[in-house]
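Good morning, and thank you for coming. Please look at the model on the screen while I go through its confidence, its packing and one of its pockets.

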Amino acid sequence: MNAPHRAEAADASARLDPDQIRSIIIGLVAAMLLAALDQTIVATALPTIGLELGDAANLPWIVTAYLLASTAVTPLYGKLSDIHGRRIMLLIAIVTFSLGSLLCALAPSMIALALARGLQGIGGGGLIALAQTILADILTAKERARYQVYIAGVFALSSVAGPLLGGFFAQHLHWSAIFWINLPIGLAAFLLTNGKLKLLPRRERRHSVDYPGAALLVVSSTSLMLALSWGGVHYPWASAPVLGLAAFGLAGAAAFAARLATASEPLIPLSVLSDRVVTSATLAACFAMGTLIGLSIYVPIFLEGVIGLDPSRSGLAMVPLMIGTVVGATISGRSMVHFRHYKRLPLALLSLSVAACAALAFLGHRLPLWGIEILFVVLSMGIGTVLPLSTIAVQNAVAPQQLGIATASMNFFRALGGALIVAIFGTLVLGGAGGESTAHDMAALIRGADAEQLGQTFRLVFLAACLGLVLALACLGLVEERPLQDSAGKKPAA
């Protein structure tokens with residue numbers, strides 16, 4: 001890290017007292033909770049929404065519209081925050097998300113709900129990336145490592161509480177409550193961050209937004225996400241719609257790459273993309289997080305169809321998978337503060353994750369439930385160690401004026417890679433369970449599948465997860481251990 005970077009980070013910390021920092025972090029946690037909870041709370045309410053609105057055919061658009069919008073706009077938030085400041089962009093994201101939530105709660109039809117979900121996604125695409133960037137503005141790299149447990153805790157809480165709240169609201173209150181709950185959380189996030197973020201350091205530099213490049217990125221990423229979401233679920237992978245979307249998305253990606261090489265100020269600076277730490281850390285997070293998301297979606301089918309648990313017990317059995325992530329993130333963040341070679345512990349624990357995943361592949365259907373739970377904890381602990389390390393390493397490698405776009409780009413590629421890994425897992429599960437006709441009804445898949453056959457299918461799924469973790473391990477090994485900025489902003493020891 002260069003001297004101006006260290007000086008600006010130290011100056012930011014000097015201008016904020018501990019109470020102000022604590023207030024900002026609480027507000028950022030609330031902002032991240034908005035986006036993280038929304039990704040999980042909707043799923044269990046989908047059947048009720050389809051029945052009440054009388055349009056089950058378009059039900060997948062409730063998820064797809066949000067996913068497409070939030071992924072496509074994430075890099076734009078990063079770039080605009082580098083130009084106009086974090087505060088204004090975060091407040092725009094919170095207000096947009098809250099407005100989208102209000103329109104979702106009031107939606108009279110499935111089409112209106114899908115459009116409102118798209119608006120909600122436009123706001124949600126900036127919440128997590130901007131929150132992580134603001135943490136980099138107010139805390140030094142070593143201080144950020146200590147706070148990564150809060151970020152991991154937000155995702156773990158949303159993974160556990162989201163499905164439970166969604167099912168409870170849909171059954172005992174009304175499905176619209178899953179969107180009404182966002183309004184008080186959004187108001188709290190707005191009030192907690194609005195005043196205090198005015199104290200953030202301003203880095204006035206002349207910038208311009210590459211709007212043609214941004215348009216190419218939105219078009220290509222949306223096409224690829226649609227292809228990955230629809231392939232094997234709504235259409236066969238070899239069908240014209242999926243192949244056409246994939247081809248269009250790849251062509252758009254090629255045009256975006258060409259634009260990056262020719263624009264005077266590209267949307268994502270080439271200095272960021274060419275940095276070894278940025279690329280390797282982003283790929284490590286992409287493979288690790290994508291594998292975790294894929295497992296969290298499809299492992300309940302394994303627990304119900306192979307192990308024989310009912311849905312309630314299956315949900316409880318998933319808790320260790322989330323707890324392990326928080327524990328791993330905490331261990332990794334703390335070790336980065338104290339050790340110069342901060343990769344060694346994550347590399348060791350991620351290697352254990354590969355071993356645990358292999359054990360699930362070959363022994364999972366024979367193990368008692370407590371044995372499976374232990375393997376879940378070991379598996380997710382290793383993944384958890386990658387998440388804070390990748391974020392801090394990327395932010396530690398770039399100049400202050402590139403923090404926003406670098407952090408947002410990491411989140412963008414992580415989401416895109418996660419969609420690819422989830423699509424691969426889905427193809428394995430649905431193909432092994434008897435074809436694509438079961439794709440829309442997971443309950444029917446569990447009821448109709450032979451337990452032995454489903455067990456063989458999940459052997460492939462866990463082996464695919466092993467491959468994803470091995471790739472994450474390889475990319476993590478390539479991350480250069482650059483010295484982290486210390487808490488006083490002094491030059492770190494070599």
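The mean pLDDT of the protein chain is 78, and 85% of its residues reach 70 or more; pLDDT is the predictor's confidence in each residue, on a scale from 0 to 100. This is a predicted model, in which local features need pLDDT of at least 70 and side-chain atom pairs count only at pLDDT 80 or more, while totals for chains, interfaces and linings use all residues. Residues are numbered from 1 along each chain as its sequence is written, and side-chain values use heavy atoms, with hydrogens and water left out.

Where is confidence lowest, and where is it highest? Helix α1 (residues 3-15) has the lowest confidence, at a mean of 47, and α16 the highest, at 90. Over residues 1-14, pLDDT stays under 50, and the model has 28 contacts for them beyond four places in sequence. A contact here means heavy atoms within 4.5 Å. Residues 435-441 also stay under 50, with 13 contacts beyond four places in sequence. Where pLDDT is low, the predicted coordinates should not be read in detail.

Let me turn to the overall fold. The secondary structure of the protein chain comes to 20 helices and zero strands. Helices (H or I, at least four residues) and strands (E, at least two) are DSSP runs, numbered from the N terminus. Of the 494 residues in the chain, 56% are buried. Buried means under 20% relative accessible area, exposed means over 50%, and partly exposed lies in between, with a 1.4 Å probe and protein chains only. Among contacts between residues at least 6 apart in sequence, 83% join residues at least 24 apart.

Next, the nonpolar cores. Such a core is a set of buried Ala, Val, Leu, Ile, Met, Phe, Trp, Tyr and Cys residues joined through side-chain atoms within 4.5 Å. The largest has 66 residues, of which Leu303, Leu379, Phe458 and Phe462 touch the most other members. At least two residues of this core come from each of α7 (141-172), α13 (276-305), α15 (319-338), α16 (344-363), α17 (369-397), α18 (403-432) and α20 (451-478). Helix α13 gives the most, with 14 residues. Phe462 itself touches Leu295, Val299, Phe302, Cys357, Leu360 and Ala361, when residues up to four places away in sequence are not counted. There is also a second, separate core of 52 residues, which includes Ile25, Val73, Cys104 and Leu130.

Ala329 lies in helix α15 and is buried, with a relative accessible area of 2%. Its C-alpha atom is separated by 8.2 Å from that of Ile383, 54 residues apart along the chain. Leaving aside neighbours within four places in sequence, Ala329 is in contact with Ala152, Gly384, Thr385 and Pro388.

Ser101, in helix α5 (residues 86-106), is buried at a relative accessible area of 0%. With residues up to four places away not counted, Ser101 touches Gln120, Phe179, Asn182 and Leu183. Ile138 is in helix α6 and counts as buried, at 0% relative accessibility. Ile138 and Ile21 are 117 residues apart in sequence, yet 7.3 Å apart in space, C-alpha to C-alpha.

Which of its residues are buried? They are Leu46, Ile49, Gly50 and Leu53. Seen down the axis of α3, these buried residues fall within an arc of 100°, so they line one face of the helix; the arc is that of the directions from the helix axis to the C-beta atoms. The face turned away from the buried side carries the exposed residues Pro47 and Leu51. The buried residues of α3 pack against α4 (61-84), α6 (110-138) and α8 (177-180). Just after α3, Gly54 takes a positive phi of about 65°.

Finally, the second largest pocket. Which helix supplies the largest share of its lining? Helix α18 does, with 11 residues. Of the 38 residues that line this pocket, the closest to its centre are Cys286, Phe413, Leu416, Gly417 and Leu420. On a 1 Å grid over the protein atoms alone, a pocket is an open set of points with protein on both sides within 12 Å along at least five of seven lines, and lining residues have an atom within 4 Å of a point.

Definitions and conventions: On a 1 Å grid over the protein atoms alone, a cavity is a set of points where a 1.4 Å probe fits but cannot get out, and a pocket is an open set with protein on both sides within 12 Å along at least five of seven lines; lining residues have an atom within 4 Å of a point.
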